[in-house]
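Dear colleague,

I am passing on the structure that follows, together with some notes on what was found in it. Please read the notes alongside the coordinates.

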Amino acid sequence: MTDSHLTRRTLLRYGAYGAGAAALAGTAASWDRLTGADIPGRDDDSLVVATLGPAYGPEAIRTLTDGFKQLHPDIKLRINAVQAVDWSDFFAKILTQIAAGTAPDLVYVATEGVQLFAQRLGVALDKWVKRDAAELREYFADVHPSLVESMMYEGSLYQLPVEFNAADMYLNHQVLQRAGASFPAPDWTRDDFTALLRDMKKSSGSQFTPYFWTNRLWGGVVPWLFANGTNLLAESKAPGGAWLWDGFYPAAERQGRGGGFRWTTPQATDARVEEAYDYLASLIQEDLCTRPEGGNGQNLVGVFSTGRVGVTPAGGFWAGGLNLAGMKATDYDVQYFPRWRTQRMQFGAAGYALLRTSKRQEEAWEFIKYAARKDTLDRLFVTNQTTPARRSMLTAARYRETGPNHWQVFYDTLDKFPDTGPIPAPPQVAEVEQVLLKHTGTALASRRSVGPALRRMQSDLEKAMERDV
Amino acid sequence: MTNTQIQAVRPQPAAPAPVAPKPSARDRGSRLLAALFLAPTIVGIVVFTVVPIAGSIVLSLFHWNVIDDPSFAGAANYREVFGDSTVLVSFRNTLVFMVFAVALQLLIALVLALAVNGRMPVWLRSVFRSAFFFPLVLSAASISVVMKYLFNQDFGVVNWLLGLVGIAPVPWLTSENGAMTAVVLVYVWQQFGFSFLLFVGGLNNIPKEIHEAASLDGATGLRKHLTVTLPLLSPTLLVASVVGIINALQVFEQPYVLTNGGPGDSTRTVVMVIYENAFEQLRFGEASAVGVLLFVLIMAVTALQFRLSRRFVHYQ
């Protein structure tokens, strides 16, 4: 037994410490969890809309807020332009905001995140679309059903698309002239494309790359898979959606439409997938294109506008980018993606998704409608930084200054090839994309490495698709 | 056993413990003052280091995707991590990176510190010190963006320069060896300034008399460095290598921006895997499990360094 003679004073002191600690612990335990919303000024009862920052500069934000204020002076609006490198980075930041208790009411979501948000976070817009059908009839008449269908998940509509970009092929006139080649016909084939690259290579120096492509889900290997009549994940359509198609689209346009896309079963080892990879590997071996990792999008405008690249797949957004880089409307042009087994093309679209956590859902719906109005989009997309989802906005006047000459290609990609579809983006899209990027890099090291890399891709995709998000 | 021996092993009665003198009021005041000054740092360490580490350990036992409530997973996250080839490859890559990056960083820093410490005008020495330290104050992400352009196989300045001397374009960022080499080079270029400053400080602390004595004994330049400078610099070398290794094991920005972990997984590092699991795939439990493993690895490597340092580090 230890000798423990506590003096009365010591006992009182320790007692006081204990009581103080207990009081502090009790006070701490009784506090509500501190969240980002507790920061003064964070929650000012505004409708908060999160957009991808780099695409929405101060001018665009002012345009959106001023116009909305005029229509709805009673609704306070705050645009939160989240700075992010790409969609995956953007979604990560939105999820961090949600975890921090500062979830926005609306989030600008591209195809890459449509199903993830729909499945876990989004509110279906069906009831509002049905309620305001008369008001929306003009919108749907102006927007291609493929874009709308890409925003559906399991029979419900989650977003009204406001913009999209299909992977069309941009060609540099200066390089075409140097190669003595003429502008390709709309129905050009994969072999025509290869021959053109060879001509370009022959007529240019060693610091020239005929075809520049990037390693990502949109605009990378996927358009070649589409052109070869296949996909990374087997594609099917969910049932349902008749409420929308029957209500807004004529019979010819609603044929074959469903309740949104389903991408379920990985098929990386499909013979046509291997064939597409084999083709791209052969282009690399022949020095006709960059390796995918080398072809990052950041310096793409620079190398294309200076004539160091002849051809690259890009969307309507490039018209604005090339114009900013100093290219004139006559310096370049755009054509459909070349035909292989099919001439089906890929696109990605974007619109505003309403979050379940929003307490201002009616106001949010008003913003969604406002953001899809033609006058709003006219003001917002004045520099051709994207392809508007509304067909009526694609006019000669819009592209007179920026080009390209064949600007009709942008919307005709949907109108003339109605099977053109969205990139494969299931709820597990982040992992699917990472697996694609990783194994595409190794697959294209040589033609012999295509098969083994695709087998590993298949195995990783299967694991990814089994996981619940 | 003799009596004497018995007496020798018999426990002696314990001497009364020395009674510590009661601290004076002045001592108590000093201690209170010291505690007050230390408090912000201790609070900072607890809030920003101890609590997150504990949180990570707890979170590694749960499945959590931010959106839904966490659910207890036990050791499932660890089992998954050990069965995931990407995670294992990332640990291998990180260790390979660490070995090359730290060795190169220390070597370059030491050689340059010795050079700058030699006979050189003071103003020129200041210029070199500033120039070598400058990359360290820049953002690793922005540096990596610029380097990505420089190392581009088709349009980069590095290959253009190599082309001037007849060297064929190197696939810096698109081949497995090239990518790791580029990541190491960029990292070392940015980081060696820290070790360099430490070495300059360490070299200044070596008394000139010892070098003079070595000279009198006939030691020449290289021999003097090997037998005098390096042993006396060993405490600084230890600090530089410990900090260097801890930093290298946590490398993220350079491989993330330069290669995004590719081609394949060849430059994917442990912290990249943590980031991808947590913020791209919403698997915070698995990410925390990898984080805990990295923490254990860093602790083990650091402990090993200190253990080995007993043999190699000489304090004056």
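In which helix of chain B is the place of B:Val47? B:Val47 sits in helix 2 of chain B, which covers residues 25-59, where helices (H or I, at least four residues) and strands (E, at least two) are DSSP runs numbered from the N terminus.

Before going further, please note that this is a predicted model, in which local features need pLDDT of at least 70 and side-chain atom pairs count only at pLDDT 80 or more, while totals for chains, interfaces and linings use all residues. Residues are numbered from 1 along each chain as its sequence is written, chains are lettered from A and ligands numbered from 1 in the order in which they are written, and side-chain values use heavy atoms, with hydrogens and water left out.

B:Val47 counts as partly exposed because its relative accessibility is 41% (buried means under 20% relative accessible area, exposed over 50%, partly exposed in between, with a 1.4 Å probe and protein chains only). B:Val47 also belongs to a nonpolar surface patch, whose members include B:Leu38, B:Phe48 and B:Val51, and which has about 820 Å² of accessible area together. Such patches are made of residues with over 30% relative accessible area and no salt bridge, nonpolar side chains (Val, Leu, Ile, Met, Phe, Trp, Tyr) being joined within 5 Å and like charges within 9 Å; the areas come from the Shrake-Rupley method with a 1.4 Å probe, and for residues only the protein chains shown count as cover.

Elsewhere in chain B, B:Arg129 lies in helix 5 (residues 122-137) and is partly exposed, at 29% relative accessibility. Apart from neighbours within four places in sequence, B:Arg129 is in contact (heavy atoms within 4.5 Å) with B:Phe196, B:Val200 and B:Asn204.

Turning to the interface, chain A contributes 29 residues and chain B 26 residues to the contact. The two chains bury about 2600 Å² between them, 53% of it on carbon and sulfur atoms, buried area being the accessible area (1.4 Å probe) that two parts lose on being put together, summed over both. Between chain A and chain B there are 4 salt bridges (a side-chain nitrogen of Lys or Arg within 4 Å of a carboxyl oxygen of Asp or Glu). B:Asp265 makes a salt bridge with A:Lys438, with the closest N and O atoms 3.2 Å apart. On the side of chain A that touches chain B, helix 3 (87-99) and helix 20 (429-443) each supply at least two residues.
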